[in-house]
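Reader: I am new to this structure. Please take me closely through its side-chain contacts, starting with the aromatic rings.

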Amino acid sequence: MNASLSKLVGGKQGAIGLALLAALIFVVLPLGVDIFRLNLVGKYLTYAFVAVSLVLLWGNGGILSLGQGIFFGLGGYGMAMFMKLEASDPITTKIQTTPGIPDFMDWNQITELPWFWHPFQSLPLTILAILVIPALFAYFIGFAMFKRRVGGVYFAIITQAIALILSILIVGQQGLTGGVNGITDLKTVMGWDTRTDSAKYILYYVNGILLIGSILLSKYILNSKFGMLLLAMRDKEERVRFSGYDVSNFKIFIFCVAAMISAVGGAMFTLQVGFMSPSFVGIVPSIEMVIFCAVGGRMSLIGAVYGTLLVNYGKTVFSETYPELWLFLMGGLFITVVMFFPNGLAGIYEKYAKKIKFLRKFSDAQPEKAADVVPTNEIKEMGAKA
Amino acid sequence: MFGYSMGDIGNIMIMQGFSGLSMFTVLLLMALGLAIIFGQMGVINMAHGEFMTIGAYTTVMLSKVAATYGFVNYYFLIAIVLAFILAFALGYFVEFIMIRHLYKRPLDTLLATWGLSLVMQQAFRSSFGAKEMSAELPEWMLGSFKPTPDIDIPINGVFVMVLALLVTAGVYIFMYRSRWGLRVRATVQNRVMAGAVGINTKKVDRVTFALGCGIAGVAGAAFTTIASTGPTTGTLYIVDSFMVVVFGGAASLMGTIASAFGIAQAQSILQFFMTSSMGKVTTLLVIVGILMMKPEGLFASKLRK
């Protein structure tokens, strides 16, 4: 029992890292910032779901999906459809030509609820749909691609094209999806107002718990035999195939898991922000989420969360004060990280953590000489972590 | 069919077909550059659209200069050459500082060049403003000719098409009939052996990449004749041109031409009968569907991997 638990969190170091992240999310941030900023952090943390899914898929599986926005969007739209239907009951929408359907449908001369909206009238079905539809969609894409041994850049390009198709489709079918504005004015879940401060706190904590849960699930997957196979597949796919494993099934499985985790993030996004729009589905958000993951470290589940928070914090600060500089900075950051720090923040941290350990050993032997070397390194390490 | 008579359908087909041809030229030129870079070197250049935008801005700026000094009638030819040179030079530089360090990590090139495209977009916005600009076309390019009263074919469309055909022929000669092309193909087939027989493979890489970017610049010059240029113009075509390259089968010149033609025509004709977004969605869906069944593309050479 104890051994499997330690395997789950990844030993002593993994447990400390996870505890630090949990402390930051559950204690430091709620105490340190007001509810407006906390809501913003909550929004960023929903992107972290996608970054975590990319660590599984890209860092460990070597499968770069430039279409994770698809699954984030499917999850987000699922939740948004449920909340929209609840917001448009016949009494509040009685001024419409057809009461009881969402307002944008009425504006587009639609007189009946489309068939695919019906399941979203019930919360259990909605939650089921949020988890199952993205996974099924991922299964379909993965089955078609991986069974034919399509991988690498081809997979990246095709997922990108699918993200583009989906976003054009949502924008184009205004009457069915809300078009470019997305689905807006979402207020309640089963009569519970999500816009009050207390609801925001509760949603923030639910989001945090789900995020830690996703990280634990991912750790569990990565620490199992399957995780080893995933790494082996990334590095020498042919060899794994010749050892008798069905590589494509593993790839499909991890793609489905990643899709599910992203979809949970999308649903939490809708709950906390109160709307969903096609601008979170297309190519640009999908690639941005890859940046979050790359900055945090494509091999580190916890690093991906820090990367997401850091990049988004930078985006908020810079786009408020120097909007012109931000794209330069973002592009530059991306180029630098990819070229010089392929393992992101986590890679930098590990490099310096090892150095410090080495120096500590060294300073035990010669305490007076090494004493002034250690602190500067510690400062660097703290800088890297922040 | 859709409430049109057969004669109308014929005319619509021809005219939409022709407007599809302008799109075909831009797509073809974009895809040619990409196909050279991706097909020959395996590098995904996400900033390719921005190299096209460089060409487009060059043409627009030159047209403004031409309007003040009065050589509007033939500035366009200079613009094409200048667009090529500028995009080529920048491509050469980018390969030197960035791409060459990433050849062993193709997925990372994709991400790094996307970062580059962000930087370039912002650079365009800062230097030319966020507003779209259009070039002043020379008089001989305006207007249209009418083979029958119902059919209207714009001359600028014909001009860019001729341009695209010339560039394609040029690329063909360069790749398959010149010493340089021989070296490029040798490097692609076996890098180590090519190096052993005295080919400077690093230089080949750099020139190949720069050439692809230069052709994107020409695509930009052609683009100004059909639409106006803004900082994010390049992003409009990037996915389409990737689709063209993958669909046609990378490293196949004929495949690139055929798939650029097919995709542009399908979009143009479908957009007339459906809404513009549904036309695009249908085309892309069909391509993705075909690619899922035939991932190596339509015209890929049969290779054992």
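**Rings first, then charges**

Author: In this predicted model, a search of the whole structure finds 33 aromatic pairs over all chains. Take A:Phe26 and A:Tyr205: their ring centres are 5.8 Å apart and their planes are at 10°, so the pair is stacked. (Rings of Phe, Tyr and Trp, the last by its six-membered ring, pair if their centres lie within 6.5 Å; planes under 30 degrees apart are stacked, over 60 edge-to-face, the rest tilted.) A:Phe26 is in helix 2 (residues 11-32) of chain A and A:Tyr205 in helix 9 (residues 197-223) of chain A, so this pair ties together parts 179 residues apart in sequence. (Helices, H or I with at least four residues, and strands, E with at least two, are DSSP runs numbered from the N terminus.) A:Phe26 is partly exposed at 22% relative accessibility. A:Tyr205 is partly exposed too, at 30%. (Buried means under 20% relative accessible area, exposed over 50%, and partly exposed in between, with a 1.4 Å probe and protein chains only.)

Chain B has an edge-to-face pair, B:Phe24 with B:Phe261, at 5.3 Å centre to centre and 85° between the planes. This pair links distant parts of the chain: B:Phe24 in helix 1 (residues 6-41) and B:Phe261 in helix 10 (residues 253-273) of chain B, 237 residues apart. B:Phe24 is buried, with a relative accessible area of 7%. B:Phe261 is partly exposed at 39%. Back in chain A, ring pairs link A:Tyr47, A:Phe72, A:Phe269, A:Phe275, A:Phe280 and A:Phe292 into a cluster.

A few ground rules. Residues are numbered from 1 along each chain as its sequence is written, while chains are lettered from A and ligands numbered from 1 in the order in which they are written. As the model is a prediction, local features need pLDDT of at least 70 and side-chain atom pairs count only at pLDDT 80 or more, though totals for chains, interfaces and linings use all residues; side-chain values use heavy atoms, leaving out hydrogens and water.

Rings also meet charges. The charged end of B:Arg100 sits over the ring of B:Phe96, 4.2 Å from its centre. (This needs NZ of Lys or CZ of Arg within 6 Å of the ring centre and within 35 degrees of the ring normal.) B:Arg183 places its charged end over the ring of B:Trp180, 5.5 Å from the centre.

Now the salt bridges. (A salt bridge is a side-chain nitrogen of Lys or Arg within 4 Å of a carboxyl oxygen of Asp or Glu.) One of them joins A:Lys147 and A:Asp246, at 3.7 Å from N to O. A:Lys147 lies in the loop between helix 6 (123-146) and helix 7 (152-172) of chain A, and A:Asp246 in the loop between helix 11 (237-242) and helix 12 (247-273), so the pair ties together parts 99 residues apart in sequence.

In chain B, B:Arg206 meets B:Glu95 at 2.9 Å, N to O. B:Arg206 is in helix 8 (residues 201-223) of chain B and B:Glu95 in helix 3 (residues 75-97), 111 residues apart. B:Arg206 is buried at 14% relative accessible area. B:Glu95 is buried at 1%. B:Asp240 and B:Lys280 form another salt bridge, at 3.2 Å from N to O. Both of these residues, B:Asp240 and B:Lys280, are buried. In chain A, salt bridges with shared partners join A:Glu237, A:Glu238, A:Arg241 and A:Lys251 into one network.
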